Amino acid sequence: MKKLLREVIFSIVVLLSCVNAKAAEKEHNNNNNNEEEFNSVEMIMHHISDAHDFHFFDYTDEAGVKHAVSLPLPIILFTDNGLTCFMSCAFHHNDDGTYVVSKNGENFVKYHEKIYQLNEGASSLEFDEHHHPLNAVKPIDISITKNVFSMLLSVVLLLSLFGAAGRSARKNPGAPKGILAFLEPIVVFIREDIIIPNVGEKKHKKYIPYLVTVFFFIFFNNLLGLIPSGANLTGNIAVTLVLSVFTLLITNFSANKDYWKHIFLPPVPKALYPIMVPIEIIGILTKPFALMIRLFANITAGHIIILSLISLIFVFKSIFIAPVSVGFVLFMYTLELLVALLQAYIFTLLSALFIGQAIQEHH
Amino acid sequence: MDFGAFAAIGAGLAAIGAGIGIGNIGGSAMEAIARQPEATSKIQTNMIIAAALIEGVALFAVVVALMK
């Protein structure tokens, strides 16, 4: 446990030193020094979407030069000439497609957190009326973005916590101690109150690993997403899509013949088959689709509400709004802590329910 | 043409529908728990499942409204 703590502190120190190095770097000069009109939609969308760096805050020094304090992340691109890697700080926080980074004889620009590879002779990104780039192509982008970093962090957290808990359970068969004392009641709750009632006593063992993993993965990532300037991983529809596809595959691959009979030969008059069978087939897909949308929309909506309440201060340009805003944000944050747990619970519960429906014996 | 206002109205209507639905579920669950306090945990689980299903439909509407 002490070792883990030391490692965590060490990595925080390393990260902070990176931040300071970044802050010392000169930011590009903002050419319109006038009061910028505050755009809340743009700010919110920037916060809930993926990015190539952890952006903490901006400040303007005495000379009027804007600095950004952020944690750069590696950009890994797969172009025609092979792999290209560089840190995202090479773009100097330019997100308008005007700052060109040259690597291996190729020129890259960043526009709205997407990397484009400029064609030869082009100096900045141009778009046609359908918003297709005229003089650039999108390389295959397998960068460690904010979301990827956050996912890897959660995986490291899960592995170290559960590894420690597992070792402690093996070493000490008595009453649970340490981190195991915290995790064991949750795992037992998932097994006793979610999996066994829904999947059934007889076959539940096979599904415990998946359902417990998905619960803790969603729960940890929801909580990591609530940390200010953290990544909004479970509010990313691609992530929730993959999670729900896992449930879809597990449900359909473990389904018994009653499940398929109910879909292709439902107990209705034969004349209704042309309507019922397509509906049942769509029904296979809507259940995981709802899982995907539910997690995505709940987490995204929570983030949007918190950011909107903060935006109110800047929309009204008044400090007297701040106490109201901050009060509401505090309330929403507490609610979001509940939602973080509740959505992990619901996802696991519904996954268990779908699996249970697919494998239950005919009676 | 700007559909932003219509999207907002749609999101509001979805919120009304979900509010009525989840309100009904919550109310019925409370009555059920008052009658049979020993079945509280079972009622709560089923209440959360039903509420999640309704919420899912409402969130479909919100996502459509967001995408305009």
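Chain A is divided into domain 1 (74-143) and domain 2 (147-359), with bounds that come from an automatic or database domain assignment. Taken over C-alpha atoms, the centres of domain 1 of chain A and domain 2 of chain A are separated by 35 Å. Please keep in mind that this is a predicted model, in which local features need pLDDT of at least 70, side-chain atom pairs count only at pLDDT 80 or more, and totals for chains, interfaces and linings use all residues. Residues are numbered from 1 along each chain as its sequence is written, while chains are lettered from A and ligands numbered from 1 in the order in which they are written.

**Chain A as a whole**

Chain A holds nine helices and nine strands. Helices (H or I, at least four residues) and strands (E, at least two) are DSSP runs, numbered from the N terminus. Of the 363 residues of chain A, 25% count as buried. Here a residue is buried if 20 or more other C-beta atoms lie within 10 Å of its own, exposed if 12 or fewer, and partly exposed in between, with C-beta atoms placed from the backbone. Among the contacts in chain A with a separation of 6 or more, 59% are between residues 24 or more positions apart; a contact means that the C-beta atoms of two residues, placed from the backbone, lie within 7 Å.

**Two open sheets**

Strands of a sheet pair through backbone hydrogen bonds, either parallel or antiparallel. Two strands count as paired if DSSP finds at least two bridges between them. One open sheet has four strands in the order β5-β6-β7-β8 (chain A), with antiparallel pairing. Its edge strands are β5 and β8 (136-137) of chain A, each of which pairs on one side only. Another open sheet has three strands in the order β4-β3-β9 (chain A), and its pairing is antiparallel too. There the edge strands are β4 and β9 (140-141) of chain A, each pairing on one side only.

| Strand pair | Bridges | Opposite residues |
|---|---|---|
| β5(A) (101-103) and β6(A) (106-111) | three | A:Lys103 and A:Glu106 |
| β7(A) and β8(A) | two | A:Leu118 and A:Ala136 |
| β3(A) (74-79) and β4(A) | six | A:Ile76 and A:Cys85 |

β5(A) and β6(A) form a hairpin with two residues between them, and A:Asn104 in the turn has a positive phi of about 50°. The hairpin of β6(A) and β7(A) also has two residues between the strands, and A:His112 takes a positive phi near 50°.

**Other positive phi values**

Most residues other than glycine have a negative phi, and most peptide bonds are trans. A:His92 has a positive phi near 50° and lies in the loop between β4 (82-87) and β5 of chain A. With 14 other C-beta atoms within 10 Å, A:His92 is partly exposed. A:Ser229 has a positive phi near 65° and sits in the loop between α5 and α6 (237-253) of chain A. A:Ser229 counts as partly exposed because it has 13 C-beta neighbours inside 10 Å.

**Helix α4 of chain A**

The 21 residues of helix α4 (residues 179-199) of chain A should span 30 Å at 1.5 Å a residue, and the end C-alpha atoms are 28 Å apart, which agrees. The expected span is 1.5 Å times one less than the number of residues. α4(A) has a kink of about 30° centred on A:Arg191, where the bend is the angle between axes fitted to the seven residues ending at a residue and the seven starting there.

Buried residues of α4(A) include A:Leu180, A:Leu183, A:Ile190 and A:Ile194. Their cover includes α3 (146-171), α5 (208-226) and α9 of chain A. After α4(A) comes A:Gly200, with a positive phi near 105°.

**Where chain A touches chain B**

Nine residues of chain A are in contact with nine residues of chain B. On the chain A side, the elements giving two or more residues are α8 (273-316) and α9 (321-359) of chain A. The largest share, six residues, comes from α8(A). This side of chain A divides into seven nonpolar residues, one polar and one charged. In that grouping, Ala, Val, Leu, Ile, Met, Phe, Trp, Tyr, Cys and Pro count as nonpolar, Asp, Glu, Lys and Arg as charged, and the others, Gly among them, as polar.
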